[in-house]
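Please open the model in your viewer and keep the selection panel at hand. The stops below are intended to be visited in order.

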Amino acid sequence: MNGSIVSDAAAALPAVRKGAYFFSWLFHPLLVGLYMAVYLIYIDPEYFIGMNTLGKTQVLFIYIINSIFFPLLSVLLCKALGFVQSVYLKTQKERIILYAISMIFFFWTFYVFRNKPGIPVIMAQMSLGIFLAVIIDFIANIFFKISMHATGAGGLMGLFTVLLLTSSGFVNIPLAIAIFIAGITCTSRLIVSDHRMGDIVIGLIAGFLSQWMAYWFLG
C-alpha cells in the first residue's frame, strides 16, 4: 500500500523519478560493496594502518576484479548470448543466473581475503557477509522478487553496526550516513521499480543480518 502511494506521487513529478534512477545507479548493490571496501581500506584508521599505499591498492584491485568486474562481465555475456532479455534483470527467472554467478565470485573473494597473508580479517568478514546475502536473496527469489538494492543498503548498515563493536574509529557519523543512504535507496526503488514494500523490507533485513552472521562466524 505504502509502495503504491510513493509510486503514484512520484509519477506526477518527473524530477523525482530522475532522482530515483540516479540514486538507484549510485547505490547499485555492486557499487555499495565497493564503497564498503574503500571505507575499510582507506578511511577506517585501524585495519590497514600498517599497509602501504601499494598494498592497499592491491587489496582494492582484488575486490574490484572478483566482486564487480567478473559479475558485471558475466551479466553482459548472458545478455549477448540471449540468456537474459535485459541487463536490468527485471524478472525473477533472469535473476537466477545473476545470483548463481555472483555466489561463485563473491565466495572466491572471501576465500582470497581469508587466506591471503597480511589482509585484515575484516575484509574476509565483509566479503563473507556479501556472499551470505546473495545466498539469502537467491533462496528468496524462488518465492518473490526480493530487492537487491535494499539488500546492499542493509549490508552497508550491518557493516557499520559491526564496526561499532570492532573498530577504534569514530563510526557514528558513517553509520548515520549509511542509514541515510539506505533510506534514499529503498525509497528510490519504490518509486522506479515494481518492488513491493515487503520486497524492500526483507532485502534490507537480509543484508543487515548477513554482515552480522559473518561477524559471528569469523569474529
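This is a predicted model: local features need pLDDT of at least 70, side-chain atom pairs count only at pLDDT 80 or more; totals for chains, interfaces and linings use all residues.

Residues are numbered from 1 along each chain as its sequence is written, and side-chain values use heavy atoms, with hydrogens and water left out.

**Nonpolar core**

Select Leu-40, Phe-113, Met-123, Met-126, Phe-160 and Leu-163, the residues with the most contacts inside the largest nonpolar core, which has 56 residues. Such a core is a set of buried Ala, Val, Leu, Ile, Met, Phe, Trp, Tyr and Cys residues joined through side-chain atoms within 4.5 Å; buried means under 20% relative accessible area, exposed over 50%, and partly exposed in between (1.4 Å probe, protein chains only). Among the helices that each supply at least two residues of this core are helix 3 (29-43), helix 6 (121-140) and helix 9 (197-218); helices are DSSP runs of H or I with at least four residues, numbered from the N terminus.

Next, centre on Phe-113. Leaving aside neighbours within four places in sequence, its contacts (heavy atoms within 4.5 Å) include Val-59, Ile-62, Tyr-63 and Met-123.

**Aromatic pairs**

The whole structure holds 13 aromatic pairs. Rings of Phe, Tyr and Trp (its six-membered ring) pair if their centres lie within 6.5 Å; planes under 30 degrees apart count as stacked, over 60 as edge-to-face and the rest as tilted.

Select Phe-23 and Phe-27, a stacked pair at 6.2 Å centre to centre with 0° between the planes. Phe-23 is partly exposed at 27% relative accessible area, whereas Phe-27 is buried at 9%.

Move to Trp-212 and Trp-216, whose ring centres are 5.9 Å apart with planes at 50°, so this pair is tilted. Both lie in helix 9, 4 residues apart, about one turn of the helix. Trp-212 is buried at 14%, but Trp-216 is exposed at 58%.

**Ser-147**

Select Ser-147 in the loop between helix 6 and helix 7. Is Ser-147 buried or exposed? With a relative accessible area of 0%, Ser-147 is buried. A polar atom of its side chain lies 3.0 Å from the backbone nitrogen of Ala-150 and one lies 3.5 Å from that of His-149.

**Cysteines**

Finally, select Cys-78, buried at 9%, and Cys-186, also buried at 9%. The count of disulfides, pairs of cysteine sulfur atoms within 2.5 Å, is 0.

Note on methods:
A polar contact is a pair of N or O atoms within 3.5 Å; within protein, one must be able to donate a hydrogen and the other to accept it, and residues adjacent in sequence count only if both atoms are side-chain atoms.
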